[in-house]
Amino acid sequence: MWIDTHCHTKYSYDNWLEPVDLVRRARDAGLDAICVTEHYSYEASAPVEEVARGEGLLLLRGVEVSTDRGHVLVFGVEDDSWNRWGRDTYLPMQELIERINLMGGVCVPAHPYRQMGVASLLDGIFELEGIAAVETHNGGNAATDNELALAAASHLRLPTLGGSDCHKVEAVGRCATEFSQPVTDMASFLAALRAGACRGAYYPGFTKQ
């Protein structure tokens, strides 16, 4: 199965991508599913799930969290009660990881080698405890940043994810994750990730519009 594990729509409030355009582009590209990870809020992606259901595409929901050491993809939460800090940005990364793990979810550093000013993770990834995987293939990254993330994941012996990080329709599916065991819902997604039955890659079905 191929799943784009890092997608955004207009509900991230930093773009104008309509959910139906995301879903149809993913389906037309041959993706088996997508993960919508709107910024700051799990609950923000509820309308996108409804659209995907109507279009017949499996959609899983997560959230992209902005921390003091970069961005983190969170999977396995069911609402926004994970955010006990009362703000949306510069959350303490290690505390976030510990909280999500206690709630039964997982944390995956997103585009860890992207320069983001004072909040860049970079080689700080080697100091983190409790991450479940590394996003090694991000569609918005320079190839060199993805190569550094892939080397870090190999050193840490962690599974890898790939996602387009799309904010516009033509970016959907540039990178994706190949799963070697079935994913039908969030529980099976988490099981596959924890088993290492996934790998990030440049999606072979991607074509430029």
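I looked up helix H5 (residues 186-194) first: H5 lies across E1, E2, E3, strand E4 (70-75), E5, E8 and E9, contact meaning heavy atoms within 4.5 Å. H5 runs at about 70° to E5; axes are lines fitted to C-alpha atoms, for helices over the stretch in contact, with angles from 0 to 180 degrees between N-to-C directions. Helices (H or I, at least four residues) and strands (E, at least two) are DSSP runs numbered from the N terminus.

The model is predicted: local features need pLDDT of at least 70, side-chain atom pairs count only at pLDDT 80 or more, and totals for chains, interfaces and linings use all residues. Residues are numbered from 1 along each chain as its sequence is written, and side-chain values use heavy atoms, with hydrogens and water left out.

Next I traced the sheet. It is open, with 7 strands in the order E5-E4-E3-E2-E1-E8-E9 and mixed pairing; two strands pair if DSSP finds at least two bridges between them. Strands E5 (106-110) and E9 (198-202) are the edges, each pairing on one side only.

I then checked partners. E1 (residues 2-7) runs parallel to E2, joined by 3 bridges, and cysteine 7 stands opposite valine 36. On E8 (residues 175-179), E1 pairs antiparallel over 2 bridges, with isoleucine 3 opposite threonine 177.

Last, I looked at threonine 9, in the loop between E1 and H1. Threonine 9 counts as buried because its relative accessibility is 0% (buried: under 20% relative accessible area, 1.4 Å probe, protein chains only; exposed: over 50%; partly exposed: in between).
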